[in-house]
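Thanks, everyone. Please bring the structure up on your screens, and we will walk through it together.

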Amino acid sequence: MTENIFADAPADLVLADRVAGRLYTDPEIFEQEMTRIFERTWVWVAHESELPGPGTFKSTYVGRQPVIVSRDRKGALHTLLNRCRHRGASLCEKPRGKANGFTCPYHAWSYGLDGTLRGIPYPDGYEGVADKKDLSLRKLRTESYGGMVFATFDEGIEPLADFLGDAKLWLDRFMKQGGGYPIKVLGKHQFRFRGNWKIQLENTTDGYHFPIVHRSWMASVDAETADMMSFMTDPAAITHALGNGHSVMQMVPEHSDLDADDGSEPLQARFDHVVAELSRTLDDAAVRKLVRAMHGTGFNLNLFPNVSMSAAFFRVLRPISVDETLIEHIAIGPDGPPELDVVNRERLRIHEHFQGPFGFGTPDDAEGWDRVQRGAQAAPDMPILVNRGLGREKDDEHGWPTAHVTDETGMRAAYRMWKQMMSDD
């Protein structure tokens, strides 16, 4: 029989070096997470390139609540609850598109791009009953930073920039992989795994698993790429906590800031065809900047609670239930003139090779996540250990813990935030 070292309150299930296994399996804890975390903090909903002009929209979720992210005629961004104010029908089932507004298919109540109620059919039955301004769609507070759009149900929350805090530096660095051009979404795919959302949250800053789980991918790439990702014994490869549950894992420190290039690093031979095509219209410096960023940045940035900016793509998690999570992998590339098409084609091939549904990385990761969920059913109060590297953590100049890239500093950072939010009334 396993001794239970945890108290009953959800916040007491997280200790400094371990968490209770039932954090993955208890439906009551999951329900509290949806209200205490996903409805009380900033949740990523879109990249601005997905809303390129007035009238564009995207359907998504904040936690389990369906929302529409829209850009109105003046260019302002809005996040609207995807629920008609009349009888509660969903307004929009399309994943993305362009529209003048949103009309309920049930009784044709219509709303503007900013959620304002515009019209009610046969209004003669509503005299003195309905005031249009009181029946607009519920609107979430929406802010963006660096092209990343977040929304929250909490109107009194701190500004997004404050919530991101020290993560802003890394977000800025991540966006440099456009090679001097803005970043845009190139494509996406999604899948579900039979496991709790926190299992995936842990994975993005888990350098410890990489050479074990991803052996097949390491064997499939060229020697230069494999050498670049051989970071397990590199003392310069480190993980930082960044506050508010955010963290960054630097796998390839020399690619952390793509502007810091002294010109000595040779471009990989596998990209010679890209160099040749770009060189027809761009100078050597511009070509080098684009090609050197082909693999993205040398780090994974985890933004609590639902999005990571992982080397060269976005990974978004959406909790479905205590033991089911939807994952969306979003490929990105530079948004520029047609001559950059060769760059984005190559970036998509790289993305497919690892993150794609038939790639090497995603199936291996998902199998690991599934198995953690299955294993956690046994002795649910037995601790899940997140203690690797705890004894060698040191505070950086900002006061946040820093340790080796294989250490579980990022997980501990996320669980500190989880504990704080689950303690709040």
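Let me start with a question. How do the residues of the lining of the largest cavity divide into nonpolar, polar and charged? The lining has 5 nonpolar, 3 polar and 2 charged residues. Keep in mind that this is a predicted model.

Let's stay with the cavities. A search of the whole structure finds 2 cavities of 30 Å³ or more. The largest has a volume of about 90 Å³. There are 10 residues lining that largest cavity, and the closest to its centre are His255, Glu265, Gln268, Val291 and Arg292.

Now the other one. The second largest cavity has a volume of about 30 Å³. Its lining includes Gln200, Leu201 and Thr204. Asn302, Leu303, Asn306 and Val307 also line it, and so do Ser308, Arg315 and Leu317. Which elements give two or more residues to that lining? They are α4 (197–203), β15 (299–303), β16 (307–310) and β17 (313–321). This lining divides into 4 nonpolar, 5 polar and 1 charged.

Let's step back to the whole chain. The chain has 12 helices and 21 strands. Along its principal axes, the C-alpha trace spans about 75 × 70 × 40 Å. What about the radius of gyration? With 425 residues, a compact globule would have a value near 22 Å, and the chain has 23 Å, which agrees.

β17 pairs with strand β18 (residues 324–334) in the antiparallel sense, over 8 bridges. Within that pairing, Phe313 has Ala331 in β18 as its bridge partner. Further along, strand β13 (residues 238–243) is joined to strand β21 (residues 401–404) by 3 bridges, and the two run antiparallel. Ile238 stands opposite His404 in β21.

Then we reach β20 (residues 394–395). There, 2 bridges join β20 to β21, again antiparallel. Lys394 stands opposite Thr402 in β21. How many residues lie between β20 and β21 in their hairpin? There are 5 residues between them, and Gly399 in the turn has a positive phi of about 90°.

There is also a sheet of 3 strands. It is open and antiparallel, in the order β7-β8-β9. Why is one side of β7 and of β9 left without a neighbour in the sheet? β7 (102–103) and β9 (117–119) stand at the edges with a single partner strand each, so one side of each has no neighbour there. Between β7 and strand β8 (residues 110–111) there are 2 bridges. Phe102 stands opposite Tyr111 in β8.

Now the loops, with a bit of background. Most residues other than glycine have a negative phi, and most peptide bonds are trans. Look at Tyr122 against that. Tyr122 is not a glycine, yet it has a positive phi of about 50°. Where is Tyr122? Find it in the loop between β9 and β10 (139–145). For the peptide bonds, go to Phe304 and Pro305. A cis peptide bond joins them, with omega about 5°. Pro305 is in the loop between β15 and β16.

Last stop, the aromatic rings. How many aromatic pairs does a search of the whole structure find? It finds 8. One aromatic cluster is formed by Trp44, Trp170, Phe174, Phe299 and Phe314. Elsewhere on the list, Arg318 lies over the face of Tyr61, at 3.7 Å from the ring centre.

Methods:
Residues numbered from 1 in each chain as written. Predicted model: local features only at pLDDT ≥ 70, side-chain atom pairs only at ≥ 80, totals over all residues. Heavy atoms only, no water. Pairing = 2+ DSSP bridges. Helix = DSSP H or I, 4+ residues; strand = E, 2+ residues; numbered from the N terminus. Phe/Tyr/Trp six-rings, centres within 6.5 Å; stacked < 30°, edge-to-face > 60°. Lys NZ or Arg CZ within 6 Å of the ring centre and 35° of its normal. 1 Å grid on protein atoms, 1.4 Å probe; cavity = no way out; pocket = protein on both sides within 12 Å on 5 of 7 lines; lining within 4 Å. Points joined across faces, edges and corners; volume = space filled by probe spheres on them. Nonpolar A, V, L, I, M, F, W, Y, C, P; charged D, E, K, R; others polar. Rg over C-alpha atoms; globule rule 2.2 N^0.38 Å.
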